[in-house]
Amino acid sequence: MSQAAPDQAVESFDCSDIDQYLGNVIDSSPLREPLGNNDIRRWVQAMHYPNLAHFDPAYAAAGRWGKLVAPQSFPIVMDDGHGTAPSCVGRIENSHLLFGGDEFWHYGPRIFGGDTVTNERVPFDYVVKQTGFGPTCFQRGDNYYRNQNGELIAKQRSTAIRYRASAGGDTVNTAEFEEPEWTDAELERLEERKFTWIQMLHDLGHGERWWDDVTVGDQLPERVFGPHTVASFTTEWRSFLFTTWGTLDRRELDLEALGFTREMAGHENDPHMERINPELTDGAYFGPSRGHLFPRYARKIGMPRAYGYGASMGAWVTDYLAGWAGEWGMVVHSTANYRGPALSGDVTIQSAEVVDKMVDAGGRHLVQVKHLMENQKGVKMCLGVAEVELPKKPA
């Protein structure tokens, strides 16, 4: 059910067209062929996740699954919209959209090369609030990812932020137009910091991170990557399978009908135009996604320069926690509230603290962590909590 604060500006922001979609399955865009190992490799490379279990066959063969396995962040790779489609339904006149956050539940089945994964998408709810963009719609939708055996792999509840197009350019921070400059010495120190987390992956290897050995108050090793660039953002974009021509049986999609402005709508993911001139359907060049790579369009939606993808930030959270948990652990639930973008030229720094330990009703041994993502200035990009299952030492 929709909600609205008793504010005149909020009440004038008409989001009522969303109501007809809530609770109903919407169309998806299924993959045409089974997943391949190179799809997995491309994903972890784009997500800065150098876990050998996901790209090195000899290492993976000696591990828990005996072959390459996809990371837990992988389900959003299939289908168009990287998870936000069910949170972007209904017409909101002359509006823009940003990712607001993700909540994930993971159920256990893992994804391997040769699998076929499908997605059932259901719009969930929305609320209208007053924000720095003026009246803003926070819209949520659910994705249910299943394998070819019908097993539920994960559920993703995505949040989209939709606001008046005019508010984007009016609120952009002009002081952030220029990228920070990094000296050679600073970049060298960054590489040293990056490798500390990678070394943690090597040190754990195929071994267990025992629940018994984790203590409330423990700090997870920091994870650092960047500086982000238009090239790195493009690499992220290309790791989503829907960005490659012909990979999906694309659903009918009219972005102007959703209320996107003409210059930000275009033919992104249009199945008919893909057969006529596929370059016009590529969101890297045209449509709402081009704001990520072109500062001119980023500034129209409120971003000062090229910026990263919300879906990638959600994957960074999952990979960070899953990498720490190791092969015998698993992220079972996580929230990620996006507070600020990964801007070109900036560095991303992840940290987390163990805040609780528990055994749930199903007998799983869990640790709860608070996680945080910041840039080099200490600006909060993402925060949330997560529950991670770890193995219990044998009695």
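How many bridges join strand 3 to strand 4, and do they run parallel or antiparallel? The answer opens this report.

## The strand 3–strand 4 hairpin

Strand 3 (residues 118-131) and strand 4 (residues 134-146) run antiparallel, joined by 13 bridges. Two strands count as paired if DSSP finds at least two bridges between them. The two strands form a hairpin, with two residues between them. Within this pairing, valine 128 stands opposite cysteine 137 of strand 4. Strands here are DSSP runs of E with at least two residues, helices are runs of H or I with at least four, and both are numbered from the N terminus.

Glutamate 120 also lies in strand 3. Its relative accessibility is 32%, so glutamate 120 counts as partly exposed. The classes are buried (under 20% relative accessible area), exposed (over 50%) and partly exposed (in between), with a 1.4 Å probe and protein chains only. Glutamate 120 and tyrosine 285 are 165 residues apart in sequence, and their C-alpha atoms are 28 Å apart in space.

## Basis of the model

This is a predicted model, in which local features need pLDDT of at least 70 and side-chain atom pairs count only at pLDDT 80 or more, while totals for chains, interfaces and linings use all residues. Residues are numbered from 1 along each chain as its sequence is written, and side-chain values use heavy atoms, with hydrogens and water left out.

## The annotated domain

UniProt lists residues 29-155 as "domain: FAS1-like dehydratase", in an unreviewed entry. UniProt positions follow the numbering used here, feature names are shortened, and annotations may be inferred rather than shown by experiment. The span is 12% helix and 34% strand. Its end C-alpha atoms lie 17 Å apart.

## Cysteines

The whole structure contains zero disulfides. Cysteine 15 is in none; the nearest cysteine sulfur belongs to cysteine 137, 4.0 Å away. A disulfide is a pair of cysteine sulfur atoms within 2.5 Å.

Cysteine 15 counts as buried because its relative accessibility is 3%. Cysteine 382 is buried too, at 0%.

## Cavities

The structure holds three cavities of 30 Å³ or more. The largest cavity has about 230 Å³ of space. Its lining has 21 residues, and Tyr49, Asn51, Ala322, Gly326 and Glu327 are the closest to its centre. A cavity is a set of points, on a 1 Å grid over the protein atoms alone, where a 1.4 Å probe fits but cannot get out; lining residues have an atom within 4 Å of a point. Grid points are joined across faces, edges and corners, and a volume is the space filled by probe spheres set on the points.

Helix 5 (184-204) and helix 10 (310-325) each supply at least two residues of this lining. The lining divides into 10 nonpolar, eight polar and three charged residues. Here Ala, Val, Leu, Ile, Met, Phe, Trp, Tyr, Cys and Pro count as nonpolar, Asp, Glu, Lys and Arg as charged, and the others, Gly among them, as polar.

Most residues other than glycine have a negative phi, and most peptide bonds are trans. Glycine 226 and proline 227 are joined by a cis peptide bond, with omega about -5°. Proline 227 is in the loop between strand 6 (223-225) and helix 6 (230-239).

Histidine 82 is not a glycine, yet has a positive phi of about 35°. Histidine 82 sits in the loop between helix 3 (57-61) and strand 2 (95-106). At 6% relative accessibility, histidine 82 is buried. Asparagine 269 has a positive phi of about 65°. Asparagine 269 is in the loop between helix 7 (262-265) and helix 8 (271-276), and counts as buried at 6% relative accessibility.

Conventions. On a 1 Å grid over the protein atoms alone, a cavity is a set of points where a 1.4 Å probe fits but cannot get out, and a pocket is an open set with protein on both sides within 12 Å along at least five of seven lines; lining residues have an atom within 4 Å of a point.
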